[in-house]
Structures are given as structure tokens and as C-alpha cells.
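I opened my notebook to look up a few features of this structure. My entries follow in the order I made them.

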Amino acid sequence: MLVQNSTMERIAGFIKHYFGWRNWSVLHYNSVTENVFLIFYIALRDRLYSVSFIEDFFIFIAFSMFSTTYGYLINDLADKELDALHGKDNTFKNDSVWKAGIIVVVFMVLSIIAGMKFFESRLFLPLWLCWFFIATFYSLKPIRLKERGWIGLLFVVIAQRVLPTLLVFAAFKHLDAVDMIVFTSFIFARGLSSDLNHQLEDYPKDITTGTETFAMQTGLRKAENALRFTLETEKIFLFLCLIITYCELKHLQLYNIPLLLPLLIGYIILYGLSLKRRNSLVRLQDINPFIAGRKDIFQFIHHAFPSVVLPFYLLLILLYEARGLGFAMIAILFIIYRKLYSVDLIKNSFLIKSIDNSIKRI
């Protein structure tokens, strides 16, 4: 019994350390879970209300988690010595190169096994192979794309955002050209903003080690201007995504009112308020939604709205339309994942605080 418990503890420790690296970043920094609204939109548009879709949904989420873990772990393996110089945490800092390599291969195999379910879908396998190549050689020498300036920046966003998005379209066999272009463009802009911010945060450390990132090659000022531009581009493409969603799903109504209309109107109001607020500010840090702990309109429109409000709204419509146990299960898991059960979290959100302040001013 003691041997069995010891084995279970080792397995749990392995899962927590390698699969749950950096406080389960595999969930929080996973393009598919971050932009899960796209899957819900496809389900509503193509009326994918069957048990088969529910199964495919969970298998694809597992596939994305294994793939994301592979991508981040191979990056940690390649950056093991550099992270030690930077003083940054690294998953493999206490492991030998051989052990780290075996663990990376394990998650690669798990990714392949989960992805095999979708290999019959057109474009899925070619897209996955492209993703695998970029994810592998983004960090590994001799190619090491991450140190090739703007080319490296472009490839990391393609690997982390564009290809996972196209894999969603391929896996669920939704190859509408307009949807693919607009939704992928939004997620690309979102990823570009995130990675530019990451490079700006690492700028002082990269100077000391001579890491040739895009921000290092162009300079701090140009990199900050690029982030400003991508943040605005991101909001415009999100608006286009909402327009398409409304137009394609306007037949879904309650009391003759399209269910997507309140969401579209809400975003238009938010977008207008963000522009008004942005025009009164000068410094990048005043509008940067990636600053930890901030709860303002910029954080809400760039993070909370597309990652929480939009998918949950679409999920509620799916529950209303499909009335299936599978979607109820997804809704429960989403609530747990986003901690929507937390009264304190909701009370301290930008939206609730804004409503409360407005009531107080009346």
C-alpha cells in the first residue's frame, strides 16, 4: 500500500511539475482555451449539437494542451543555460539534458495520439506538421527563430496563435474563407500584442545577454509603438469578428430580438469608451493591458471580453439552443476554469465596479 501511494505521489508530482508548469500555464497561455469562443461560434453556426461534437471538443482541448506543453517544454530545454544567466525559472533546471529530452518526447507523442482523431480532416495534418516544425526550431539551434528579429516574432505568433486557430477550423471542418481570415487575423493581432509585450518586459535582461529579439533590433521606442498599433488593430478585428458572428447567427432570437445584439452593442460602447480614454493618455504603460493587477477598460476589452465574456455568452446560447448535458458539462468546467463562481472576483471586475460607480454618481 505504501509503495502504491509513493508511486501515485510521483505520478502526481510529475503531472504538476511538467504538465502543470508555472501554475498551469498550459491552460492560461493556450491559444485554444484563450480563444475558445471560436469553437463555440462554429458549433452555433454549423449546429454541431451532437454527442460526437462534445467528444471532439474534449479531445481537441487535450490535443491543444499536450501540444502547448510540448512547445513550452522544448523552449525550456533549449533555454536551460540562458534562463540560468537571466535568473529566470526553468522547468528543467534540476534535470539532466537526457531526462528533459525524454519528457519533451513524451508530450510530443501524447500530442500525436490525441491529434490522430482529426488526421482525416482536410488540412489538419499539414497544418500540424507546420506547427511542429516552427514550435521545435523556434528555440533549437541551429535555426533558433526566436533570435532572428522580426522574423522570429512573426514565427512565434504563427506557431502560438495562427496555426492553432487554423487547426480549430480544420478539426471541426469549418473552412469558410471569410471566417478563417477575420477570426485568424484577430487572434494573430492578439498574439502579436502579447509577444511584443513579453519582449518589452524582457528588454533589460536581453540587453545583458545580447539576445537578438525584435525589440532589441528595432529599439525600445519602435517596439513600444508597434505594441500600440497592434493593440488598436486587435480591437478593430474583434469588432469585425462580432459583426460576422451577429450576421451569421442573427436567426437565433428571443422575443424576436437577435441574441447576439446585446453583446454587439455592449462592445461598441466599450470600444468607444476605450478610444476616448486612450486619447487622454500619453504613456504606453497607461494603456498597456498586460500590466499585472490592473482592472480598467483596457484590460477588460483586451483580455476579459474575448476570453471570458464572449465565450461564456456564446456558451449560454449553445445551452439554450442545444439543451444537451454535454454543453452543460462544458459550461460548468468553463465556470470553474474562469472562477466565475467567485463573488469577490466578479465584484472586483472592471464591469461591476464601473456599474457601481455609475450608480453612486446618480
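**Entry 1: a nonpolar patch**

I began with F58, which counts as partly exposed because its relative accessibility is 31%. I note that the model is a predicted one. F58 is found in helix α5, residues 51-78. F58 makes a nonpolar surface patch together with M329, I332, L333, I336 and Y341. The patch covers about 590 Å². Which helix gives the most to the nonpolar patch? I found that helix α17, residues 325-337, does, with four residues.

**Entry 2: helix α14**

Next I checked the length of helix α14. It runs over residues 261-279, which makes 19 residues. At 1.5 Å a residue the helix should span 27 Å, and its end C-alpha atoms are 27 Å apart, so the two values agree.

Then I asked which residues of α14 are buried. I listed L263, L264, Y267, L270, Y271 and S274. Seen down the helix axis, these buried residues fall within an arc of 125°, so they line one face of α14. An α-helix has 3.6 residues a turn, so residues three or four places apart point the same way. I also looked at the face of α14 turned away from the buried side. It carries the exposed residues I269, K276 and N279.

**Entry 3: salt bridges**

I counted salt bridges and got 12. I took three of the pairs in turn.

The side chains of E34 and R161 meet at 2.4 Å, N to O. E34 lies in helix α3 (residues 31-34) and R161 in helix α9 (residues 149-171), so this pair ties together parts that are 127 residues apart in sequence. Are the two partners buried or exposed? E34 is buried, with a relative accessible area of 14%. R161 is buried too, at 9%.

K173 and E120 also form a salt bridge, at 4.0 Å, N to O. K173 sits in the loop between α9 and α10, and E120 in the loop between α7 and α8, 53 residues apart. K173 counts as exposed at 56% relative accessibility. E120 counts as exposed at 66%.

E232 lies in helix α13 (residues 220-249) and R278 in helix α14, so the pair ties together parts 46 residues apart in sequence. E232 counts as buried at 16%, while R278 is partly exposed at 25%.

Last, I noted a network. Salt bridges that share partners join R45, D176, D179 and E248.

Terms used. Residues numbered from 1 in each chain as written. Predicted model: local features only at pLDDT ≥ 70, side-chain atom pairs only at ≥ 80, totals over all residues. Heavy atoms only, no water. Helix = DSSP H or I, 4+ residues; strand = E, 2+ residues; numbered from the N terminus. Expected span 1.5 Å × (residues − 1). Buried < 20%, exposed > 50% of the residue type's maximum accessible area, 1.4 Å probe, protein only. Arc of directions from axis to C-beta. Patch = residues over 30% accessible without salt bridge, like charges linked within 9 Å, V, L, I, M, F, W, Y side chains within 5 Å. Areas by Shrake-Rupley, 256 points an atom, 1.4 Å probe, with all protein chains shown as cover.
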